[in-house]
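Subject: Structure handover

Hello,

Here is the structure I promised to pass on. Please open it alongside this note.

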Amino acid sequence: MSELVLTLRQAAQLGSRARRDNVLGTMEYIPGSVVRGALAAAWLARNGVSKPGTPEREEFLTLFEGGVRYGALLRDGTEFMSLAVAGHKYDPQETCEVIDYDRARGEKPPPYCPQCGSPIEQRKGLTGDRKPLNRRTSVAIGPGGTAKRGELFTRETLNKGATFRGTVTASDDTLLKILGDLGPVRVGGRRTTHGLADVAITPAAPPPLPERRPDGTIIVRLRSPGIFVDDHGRPADRPSESELKQALGDVGARVAKAWTRWEQVGGWHAASGLPKPQELTVAAGSTYILSTERVVGDSALSALSERGLGLRRHEGFSDLAPAPALRPGAADRRRAADNSKKVRMRAAPLTRMLVGDARVANTLRTLTEAHAEGDPAAAGRLREEAKKQGDTDVRDAMEFFLALPLADAVHVAEYLAEVLGR
Ligand SMILES: [Zn+2]
């Protein structure tokens with residue numbers, strides 16, 4: 001699996017549905033179909049339209065009609081909130097025990113926050129570090145090209161410099177090399193002055209596995225809109241049992257619970273640049289609990305997260321999302337503080353390694369930090385250093401530290417840095 005990073009060199013406007021209030025809006029993410037269309041246009045600009053049966057035509061078809069799956073690109077720091085999450089409608093206070101409830105994990109939101117009284121509502125749409133859009137208002141132009149008296153409209157655009165990321169999957173790495181060399185591309189409307197963007201494709205870690213619940217069911221959340229049909233081809237708001245069985249390596253499964261919303265999505269045809277008919281989709285953030293007839297292994301789950309679900313997956317529909325980022329409440333902060341204290345106490349014998357030899361102390365500090373940042377080479381060297389101490393408490397504390405998840409290992413690295421700093 002690889003990551004596609006698109007960086008705007010110019011402001012861009014994505015999606016052209018005029019709204020009733022005379023605002024020409026822009027989407028704040030780049031659908032996979034737009035990425036595919038932009039790269040296809042760049043390929044055509046370079047190679048021209050090729051004749052059927054030629055190697056060029058074969059390459060075009062492999063790149064844009066099935067050999068590559070273009071995931072949706074989201075702006076750095078943003079995700080579509082899981083529709084299973086309900087949270088504070090108004091800004092929470094310091095004292096609020098819980099701010100967001102994840103119903104997919106079985107949390108039961110009250111109608112109002114017991115501490116501040118804010119209604120607790122379903123969260124939806126793009127969340128995280130959203131940046132303000134450019135807004136420019138001008139006089140509306142009528143069909144004859146003349147200004148329409150007294151009518152204004154506002155155009156929204158994404159700022160230049162914005163960076164968007166998503167996955168791109170190909171049957172063959174040489175395809176990714178071809179795509180990575182096609183840039184710069186143009187995305188969105190008003191292409192003479194807008195939407196020029198650089199494209200980079202780099203290897204990436206596989207996507208996170210769908211979460212397992214303690215009762216054995218599986219949570220699947222969508223990062224981009226999804227298109228589903230039932231066994232008769234009619235629009236559906238969830239994957240069918242036959243698709244799930246296929247996607248899970250022949251394990252029977254059904255949707256036990258769902259949080260979804262209907263949406264309409266348009267698009268452009270990659271090669272012709274013509275608009276595509278509107279498609280009925282479920283919104284990004286749609287969330288399902290899958291109940292399976294037997295345990296699904298990690299490899300099948302990993303295959304599912306690379307595959308996605310539903311129709312038109314190679315255009316970025318139904319990418320799977322990581323677990324949602326919930327806003328921490330007072331209860332979470334207390335738990336985090338307790339946990340940090342516990343972890344520090346168990347790792348305390350490591351501070352003996354800091355006494356005396358400054359070289360050992362510095363090596364230890366560098367290596368613990370490297371380990372806490374995920375450097376796989378650091379663990380072996382830390383074990384060696386701990387052995388040299390000949391102190392079983394130190395060795396046990398080191399094994400404890402090395403077995404910690406990265407989020408907890410950070411507490412130990414910070415602790416040692418604090419002790420050294422004194
Ligand atoms: Zn509250």
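**The second largest pocket**

The second largest pocket has 16 lining residues, and Gly-166, Thr-167, Pro-207, Pro-208 and Arg-223 lie nearest its centre. The work was done on a 1 Å grid over the protein atoms alone: a pocket is an open set of points with protein on both sides within 12 Å along at least five of seven lines, a cavity is a set where a 1.4 Å probe fits but cannot get out, and lining residues have an atom within 4 Å of a point.

This is a predicted model, where local features need pLDDT of at least 70, side-chain atom pairs count only at pLDDT 80 or more, and totals for chains, interfaces and linings use all residues. Residues are numbered from 1 along each chain as its sequence is written, and side-chain values use heavy atoms, with hydrogens and water left out.

The volume of the second largest pocket is about 290 Å³. A volume here is the space filled by probe spheres set on the points, with grid points joined across faces, edges and corners. Its lining residues split into eight nonpolar, three polar and five charged. (Ala, Val, Leu, Ile, Met, Phe, Trp, Tyr, Cys and Pro count as nonpolar; Asp, Glu, Lys and Arg as charged; the others, Gly among them, as polar.)

**Strand 13 and its partners**

Strand 13 (residues 163–170) gives the most to that lining, with three residues. Strands are DSSP runs (E, at least two residues), numbered from the N terminus. Two strands pair if DSSP finds at least two bridges between them.

- Strand 1 (residues 2–8) runs antiparallel to strand 13, with six bridges. Val-5 has Arg-165 as its bridge partner.
- Strand 4 (residues 68–70) pairs with strand 13 over three bridges, also antiparallel. Here Arg-69 is opposite Thr-169.
- Strand 5 joins strand 13 by two bridges, antiparallel. Leu-74 faces Arg-165.

Leu-73 sits in strand 5 (residues 73–75). Leu-73 is buried, at 0% relative accessible area. (Buried means under 20%, exposed over 50%, partly exposed in between, with a 1.4 Å probe and protein chains only.) Leu-73 and Thr-163 are 90 residues apart in sequence, yet 9.0 Å apart in space, C-alpha to C-alpha.

**The cavity**

How many cavities of 30 Å³ or more does the search find? One, across the whole structure. The largest cavity has a volume of about 50 Å³. Its lining includes Pro-207, Pro-208, Arg-221, Ser-305 and Leu-320. By type, the lining residues are eight nonpolar, one polar and one charged.

Strand 17 (residues 218–221) supplies the largest share of this lining, three residues. Four bridges link strand 17 to strand 23 (residues 287–292). Arg-221 has Thr-287 in strand 23 as its bridge partner.

**The zinc site**

Which atoms coordinate the zinc ion? His-88 (NE2), Cys-96 (SG), Cys-113 (SG) and Cys-116 (SG) do, at 2.1 to 2.4 Å. Donors are N, O and S atoms within 2.8 Å of the metal (3.2 Å for Na, K and Ca); water is not among the atoms, so sites may look incomplete. The arrangement is tetrahedral because the four donor atoms subtend angles of 100 to 119°. (Four donors count as tetrahedral if all angles lie between 85 and 135 degrees.)

The donor spacing in sequence is H-x7-C-x16-C-x2-C. His-88 is in strand 7 (residues 85–88) and Cys-116 in the loop between strand 8 (100–102) and strand 9 (120–122), so the pair ties together parts 28 residues apart in sequence. His-88 is buried, at 5% relative accessible area. Cys-116 is partly exposed, at 30%.

Best wishes

How values were computed
Four donors count as tetrahedral if all angles lie between 85 and 135 degrees; four count as square planar and six as octahedral if opposite donors are over 155 degrees apart and all others between 65 and 115; anything else is irregular.
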